[in-house]
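Good morning, and thank you for coming. Please look at the sequence and the structure as they come up, and I shall then go through a few parts in turn.

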Amino acid sequence: MNIDGLLASLAQLYPPDRLLRQPGELTPYESDGLTAYRSRPVAVVIPETQEEVMETVRLCHKHAVPFVARGSGTSLSGGSLPVKEGIVIALNRLNHILRLDPQERIAVVEPGVINLDVSKAAAPYGLYYAPDPASQQVCTIGGNVAFNSGGAHCLKYGMTSNHILAIKAVLPDGEVVHLGSESTEGVGPDWVGLFVGSEGLFGIALEITLRLLPRPETYRTVLAAYHSLEAAGHAVASIVASGLLPGAIEMMDRLAIQAVEAAVHPNYPEGAEAILIVELEGDAEQVEEEYKRLSQVIQNSAAYAVRVAQDEADRQRIWKGRKSAFSAVGRLSPDFIVQDGVVPRSRLGEVLAEIERLGAAYGIRVANVFHAGDGNLHPLILYNGREPGAYEQAEALAGEILRICIRLGGSITGEHGVGIEKRDYLPEMFTEADVEAMWRLRCAMDPAQIANRGKMFPGSEAPALRAIGLHPLERAGVISRE
Amino acid sequence: MTTIEDIRSAVREGARLLPRGGGTKPGLSTPTEGAASLDVSGLAGVLEYDPGEFTFTALAGTRLAEVQALLREHGQYLPFDPPLVEKGATLGGTVAAGLSGPGRYRYGGVRDFILGVRFVDGHGEVIRGGGKVVKNAAGFDFPKMMVGSLGQLGVLVELTFKVFPQPPAYLTVSRRCPTLAEAVASLYRLYTARMDIDALDLLPGDGTATLQVRIGGLAAALPARAERVRALLGGGEIVQGTEEDALWRDAREFAWVPSGWALVKVPLTPRRIVELESALAGKAPLRRYSSGGNVAWVALPEPPVTLHAPLMALGLSGLAVFGPPGQARLGVRLGEAFERRVKRVFDPRHRLSG
């Protein structure tokens, strides 16, 4: 590793205002959405062109210095946590929508483009980009691709991976590859599918071709309140059994509801132990018929209050409560960990009871917000990082929840990725041979292991320093965690 | 081969192997000279299915027909609409070939519904990737990598898929357009319309072209939705019932391809339809554009390799599903640099290069 050699070369490539070295300049890059970890890189570079990114990667390879690509730094798994002996490549200025072809329903974007900006650009044509992580106002497409981000509409529309048609990427040793095409169909192995979700270990996506969808003509959003989580869980099972395929089925527990009420006043029914949000969408006539069926199912469930969005503003109000749940819970506690485990939908009740029992045993408050339709949990584990041992306790509880997810046949991550946070659990979900195969593939793409080193694979790096409190951007209300 | 151990031994013995399931895609499952066929059709059976989860897991040699019959009992289906079901295609063959049917237009192709995979790699190791739940982001996405892998990265042994509730009723609007250009213009109107369409196919004729537009959902809403499709098409005949069913079954089963002809899959976008039509004039008598013009199915009596040069010239790729061995991949080859690296990991000794 030759960091001095790299820095000298980078100084040739970048003007001083795009090659950051001073501690004060580096601070904002020290952590991401996984606020418990912090690590200061040697330098941050801010490329403005694809060529600069390629050249930077080639220089890192030549000098064997690790790099971490970063967009808006909203990763909840520590996916963009810097490596302390390496550099950060900040891609925010590669933020151009290079081409938008409404007829072909395609957008070609650079990695620093903000998720929501794609849908905004497509809106005049009646199109949108379906994946909608809660941080979509700030998170970038490059990060979405690296971590195969999800959102509230995955059951019906899939994750990021299902909406990426082609990728031009620079591999960690500097080779540039073109994967996929503009067609939704392909010939030969699905390399785009393999690249998406590779957590930055296969290099940096420079140009991404996105599939756009026509916006659903109509939405019908229903909110139902329950006196127990179990009753809400049964309602989810009945909706699924009814043959309906809602665009979203979301759930929140009492602690989350209270936090949301205090923060954004969505005016949810009082006294709810659980709230369910179900959204139908599609052709007006079809949604009307589906709504009749859904109403019946909900009437037959134990809901004690049901509310239907009367107009778009009302719909947005219902969603605002759900989408701000994480930051609202942040007000209840100085620190929290967001979990992302998945269980088979039929085991939701079981796992929630287990989480409640564990929370009581640890004496730790846990708020639950989740994508019920996907069985994707987001327990928010509250702790105070200033209390000695509190973080360790919270992390231990989080680990127990992950093990339950694995035991029930689920996954350690539904949409946040393994990152640094869950890397020790990868071998619990997969066999030694599986992890070994993944590792060999990583090495085939990146022989020097310089791209996002320390992520996904267990024990590959010393733990970073721990931090306390909300991320500065989160405190400012700019980012939220999902 | 009926056990995973058998497959591991066969791979370790070192002969060049090409897996074969139902053998419905001879262009992809017939070994080239010096290679041996590895029959995996005995490795069959559904292992797990819970309708409430929208998922099932089955051995790779399981026939699609068996899976579909099981799903149908619970009002569910494979939304990627796999082809060649009645001819005896298997789950593994469908994934390895990377094939989806006309119904893939609505929710996506086989790549969008595969959740988990187990395969025997070229070292004889059993590797698992993905998971058994509908949402999962842990580890590299081996399931997607195996879609279209043609048996070159591993022998598929077990697969997990996402399924959906099946629309209870369908209806098709068929519209014959006087010119190809007009048909493409209509196709674009539907492609970008804010409506839910299950399948959108274009069938070129002699200068003319027919659009077939399928919608599915609750029966009560279908007539009104069909009228909206007709409005966008400027008319069109409504096809229903068994006739409608047969129309899409014939598309899915490639019943329109004469026996003994080659069949080539060509991914493209609607913009390229006119160009491909002129390039194929006189070379391939039958074509069908499916999934809103995202794939062309091209049938010809000559060996598929005759399409290699025209596809190259257009910058398109082709996959000869029916045809002699050794001519499967036509036209441009995408992602070769990536491919070399992956092949080195899973099959460095080229045991899976039949």
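In what order do the seven strands of the open sheet in chain A run? The order is β16-β13-β15-β14-β18-β19-β17, and the pairing is antiparallel. Before I continue, two remarks on conventions. This is a predicted model, in which local features need pLDDT of at least 70 and side-chain atom pairs count only at pLDDT 80 or more, whereas totals for chains, interfaces and linings use all residues. Residues are numbered from 1 along each chain as its sequence is written, while chains are lettered from A and ligands numbered from 1 in the order in which they are written.

Strands (E, at least two residues) and helices (H or I, at least four) are DSSP runs numbered from the N terminus, and two strands pair if DSSP finds at least two bridges between them. At the edges of the sheet are β16 (305-308) and β17 (335-338) of chain A, each of which pairs on one side only. From one strand to the next the twist averages 15 degrees. Within the sheet, β14 (residues 248-253) and β18 (residues 366-371) of chain A are antiparallel and share three bridges; A:Met252 stands opposite A:Val369 of β18(A).

Two helices lie across these strands. For the angles, axes are lines fitted to C-alpha atoms, for helices over the stretch in contact, and the values run from 0 to 180 degrees between N-to-C directions. Helix α11 (residues 312-323) of chain A lies across β13 (218-226), β14 and β15 (274-282) of chain A, at about 55 degrees to β13(A). Helix α13 (residues 348-362) of chain A lies across β18 and β19 (376-383) of chain A, at about 160 degrees to β18(A).

Next, the core. A residue is buried if 20 or more other C-beta atoms, placed from the backbone, lie within 10 Å of its own, exposed if 12 or fewer, and partly exposed in between. A nonpolar core is a set of buried Ala, Val, Leu, Ile, Met, Phe, Trp, Tyr and Cys residues joined through C-beta atoms within 7 Å. The largest such core has 254 residues, of which A:Ala169, A:Ile275 and A:Leu276 touch the most other members. Contact means C-beta atoms, placed from the backbone, within 7 Å. Beyond four places in sequence, the contacts of A:Ile275 include A:Leu223, A:Met252 and A:Tyr268.

I turn to the two chains together. In all, 82 residues of chain A are in contact with 70 residues of chain B. On the chain B side, α13(B) gives the largest share, seven residues. One contact there involves helix α16 (residues 432-445) of chain A and helix α13 (residues 336-346) of chain B, whose axes come within 9 Å and cross at roughly 145 degrees. The residues that make it are A:Arg440, A:Leu441, A:Ala444 and A:Met445 on one helix, and B:Arg341, B:Val342, B:Arg344 and B:Val345 on the other.

Finally, where is A:Gly414? A:Gly414 is in the loop between α14 (390-407) and α15 (426-429) of chain A. Because A:Gly414 has 31 C-beta neighbours inside 10 Å, it counts as buried. Leaving out residues up to four places away in sequence, A:Gly414 touches residues of both chains, among them A:Gly150, A:Asp340, B:Lys135 and B:Asn136.
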